[in-house]
Amino acid sequence: LFRSKRWHERGFEIDEREVGSLFGVAGTVLDTRKILLTTAEYSSESEADKAARELADRWGILPRLHPEVDRRASGKLIAEDLETGVEIQAEGVLWFAPRKDPTVSVHDVECDAGLERRDYRGSIYVAIDRHGKLAVVNQVGESDVLAGLVPAEIYASAPMEALKAQAVAARGQLLAKIGSRHLDDPFLLCAHEHCQVYAGTSKEHPRTTDAVERTIGRVLMRPNETELVDTVYSANCGGHSENNEQVWASPADPQLRGQADAKLGEEFSKGIDANNVEAWLRGNPDAYSRPPAGKLATSYRWTTTIDPQGIAGKPGVPDSLGKLVQIRVVSRGVSGRSTEVELLGSKSSVTIYGELKIRQALGGLKSSAFVVDGDRDEQGRFVLHGGGHGHGVGLCQHGAIGMAGAGKSYGPILAHYYRGSKIVRLW
């Protein structure tokens, strides 16, 4: 009510939208509902995105778009058996289930490696999405989803306690995101990083399946044991996790406070700021999230270059920027991640708000925790020294691996990254 009144005083006509879900599990009611304040309705996503950027520039906030559907896409779907020539038609949705085999195969699934065949338990239905394209959806039980999801999110070779921590976090995300994502699509959750990476049976591994089974029914609850913790996670926090409100448009969450790695010394234990960010990102301080030397080490500390001619036209950056002249970090979160960056160009300038949008605007950085060299390289490119891989909120997967390797069990690992939480078994 207070927030709504404040925006009314600023001259906005505010509406309220409820997202999330309410359901019961073994006598426990799980309520993930939230109230969103919306400012206006727009006829297209591009129009709404433009208005959101104007709000960000004027009020220094992290707005987000909220889709609403007046009428879902519809049409006739036709399936043909290429061996027999049998054709089936249906309005709106077609269902497929295996006759004998335990899985259904789907060909030409888009992934990082290109197109591949994937096998899925349960059944498959094909429907029409909000863009008028075909959506191939897997309807499957929670345990089977996690069996295919956990190994796609963390290395199956990780210590068992890290795998168990990941399984509990992933289960919490399944429950927490139902009813709050893809409200305008014919499915509850996507199979990509936007929700959680899910690859069907193709990524299943005995060790991660074992971790799912050993933590069956266990979720993280807030101290009152009536609300789920929003168990978000990322690959590598860089030694210090981040406060949720510095990354997303959301109120401060008491369970998602930025935490210093327990191995860090006094210099960095109270957070990263203007006084220590240079030493933090240019150095290589010992932390549980610092992987051993090798390929994964570049997730903890990294260096990259940016071509000043190649930034105009990137997501959130207008073509009118011209050649990039300066990158100025205006504000940072407690982990050192940039939360507001000003890009000064030869023709204009633009301010970018939000961890993900900063990463995208600068060509797809691993994280927004970076400092810029005072001098350019020999090709005239900006040189950035950074840390971490991902948004850094909640569970740090590499940190969990390091803590488990040091002998910590999954309970203390989760308690470190989700402050004040408690593991509760619901089924």
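1. Ground rules. Numbering starts from 1 along each chain as its sequence is written, and side-chain values use heavy atoms, with hydrogens and water left out. Because the model is predicted, local features need pLDDT of at least 70 and side-chain atom pairs count only at pLDDT 80 or more, while totals for chains, interfaces and linings use all residues.

2. The second largest pocket. This one holds about 1,400 Å³ of space (the space filled by probe spheres set on grid points joined across faces, edges and corners). A pocket here is an open set of points on a 1 Å grid over the protein atoms alone, where a 1.4 Å probe fits, with protein on both sides within 12 Å along at least five of seven lines; lining residues have an atom within 4 Å of a point. There are 39 lining residues, and V136, F187, L189, C190 and A191 lie nearest the centre.

3. Who builds the lining. Strand 11 (134-139) is among the elements that each supply at least two residues, as are helix 3 (142-153) and helix 4 (160-177). Strand 11 gives the most, with 6 residues. (Helices, H or I with at least four residues, and strands, E with at least two, are DSSP runs numbered from the N terminus.) By class, the lining has 22 nonpolar, 8 polar and 9 charged residues; Ala, Val, Leu, Ile, Met, Phe, Trp, Tyr, Cys and Pro count as nonpolar, Asp, Glu, Lys and Arg as charged, and the others, Gly among them, as polar.

4. Helix 3 on helix 4. These two pack at about 125° with axes 10 Å apart (axes are lines fitted to C-alpha atoms over the stretch in contact, and angles run from 0 to 180 degrees between N-to-C directions). So helix 3 is oblique to helix 4, oblique being whatever is left after under 35 degrees (roughly parallel), over 145 (roughly antiparallel) and 65 to 115 (roughly perpendicular).

5. Helix 4 on helix 9. Helix 4 also packs with helix 9 (residues 410-417), at about 55° with axes 8 Å apart, and the pair is therefore oblique too. E161, K164, A165 and V168 of helix 4 meet Y410, I413 and L414 of helix 9 (contact means heavy atoms within 4.5 Å). That contact divides into 5 nonpolar, no polar and 2 charged residues.

6. Two backbone spots. Phi is positive at H182, near 55°, in the loop between helix 4 and helix 5 (206-214). E225 has a positive phi near 60°.
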